[in-house]
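Welcome to this short tour. Please have your viewer open and your selection tool ready, and we will go from stop to stop together.

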Amino acid sequence: MEAVFKALADKSRRRLLDALFRRNGQTLNELCGYLSMSRQAVTKHLLLLEKANLVTIVWRGREKLHYLNPVPIHQIYDRWISKYDRHRVDALGELKRELEGKKKGNRHG
């Protein structure tokens, strides 16, 4: 999971993931269009994303296509984010029930 956090920490790598989210299966040349840096720098970012398992590669003939793998991000959500969201949603649900209960009480009062 550390590799995923490290990969997501960089703005350029997040832009590459966003580009793949919008349109999966892009070549290096296409992905270079999203960043103002050298082809070699983009390649290094993609390699780091591959090592973190956030990007997978599929060869179509001589063409190397990059695909977003959402599984590691989903695992982060399950492990770190969803447990905090649950408490907030539960609190909002409780607040709604209380407010609705007060509304009903006022109608009969």
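Before the first stop, one idea: the expected span of a helix is 1.5 Å times one less than its number of residues. Keep in mind, too, that you are looking at a predicted model.

**Stop 1: helix 4**

Select residues 39-51, which make up helix 4. This helix has 13 residues, and from its first C-alpha to its last it reaches 18 Å, close to the 18 Å expected.

Now colour V42, H45, L46 and L49, the buried residues of helix 4. Where do these buried residues fall when you look down the axis of helix 4? They lie within an arc of 100 degrees, so they line one face of the helix.

Then go back to the buried residues and show what covers them: the cover includes helix 1 (2-8), helix 2 (11-22) and helix 3 (28-32), along with strand 1 (55-60) and strand 2 (63-68).

**Stop 2**

In soluble globular proteins, nonpolar side chains tend to be buried together. To see this model's largest nonpolar core, which has 18 residues, start with L16, L17, L31, V42, L46, L49 and L54, the members that touch the most others. Helix 1, helix 2, helix 3 and helix 4 each supply at least two residues of this core. Which helix gives the largest share? That is helix 2, with four residues.

Zoom in on L16. Not counting residues up to four places away in sequence, L16 touches L31, L35, V42, H45, L46 and L49.

**Stop 3: H66**

Next, select H66, in strand 2. Is H66 buried or exposed? It is buried, with a relative accessible area of 3%. Show its surroundings, again leaving aside neighbours within four places in sequence: the contacts of H66 include L20, L28, L31 and L46, as well as N24, G25, Q26 and T27. V55, T56 and I57 are also in contact with H66.

**Stop 4: N53**

Move to N53, in the loop between helix 4 and strand 1. Most residues other than glycine have a negative phi. N53, however, is not a glycine and has a positive phi of about 65 degrees. With a relative accessible area of 41%, N53 is partly exposed.

**Stop 5: salt bridges**

Side chains of opposite charge can pair when their charged atoms come close. How many salt bridges are counted here? The count comes to four, and our tour visits some of them.

- Select R23 and E30, whose closest N and O atoms are 3.2 Å apart. R23 is partly exposed at 39% relative accessible area, and E30 is partly exposed at 32%.
- Select E94 and R97, whose side chains meet in a salt bridge of 3.1 Å, N to O. They are three residues apart in helix 5 (residues 71-108), about one helical turn. E94 is partly exposed, with 36% relative accessibility.
- Select K96 and E100, which form a salt bridge of 3.2 Å, N to O. Both lie in helix 5, four residues apart, about one turn of the helix. E100 counts as partly exposed, at 36% relative accessibility.

Methods. Residues numbered from 1 in each chain as written. Predicted model: local features only at pLDDT ≥ 70, side-chain atom pairs only at ≥ 80, totals over all residues. Heavy atoms only, no water. Buried < 20%, exposed > 50% of the residue type's maximum accessible area, 1.4 Å probe, protein only. Arc of directions from axis to C-beta. Contact = heavy atoms within 4.5 Å. Core = buried A, V, L, I, M, F, W, Y, C linked by side-chain atoms within 4.5 Å.
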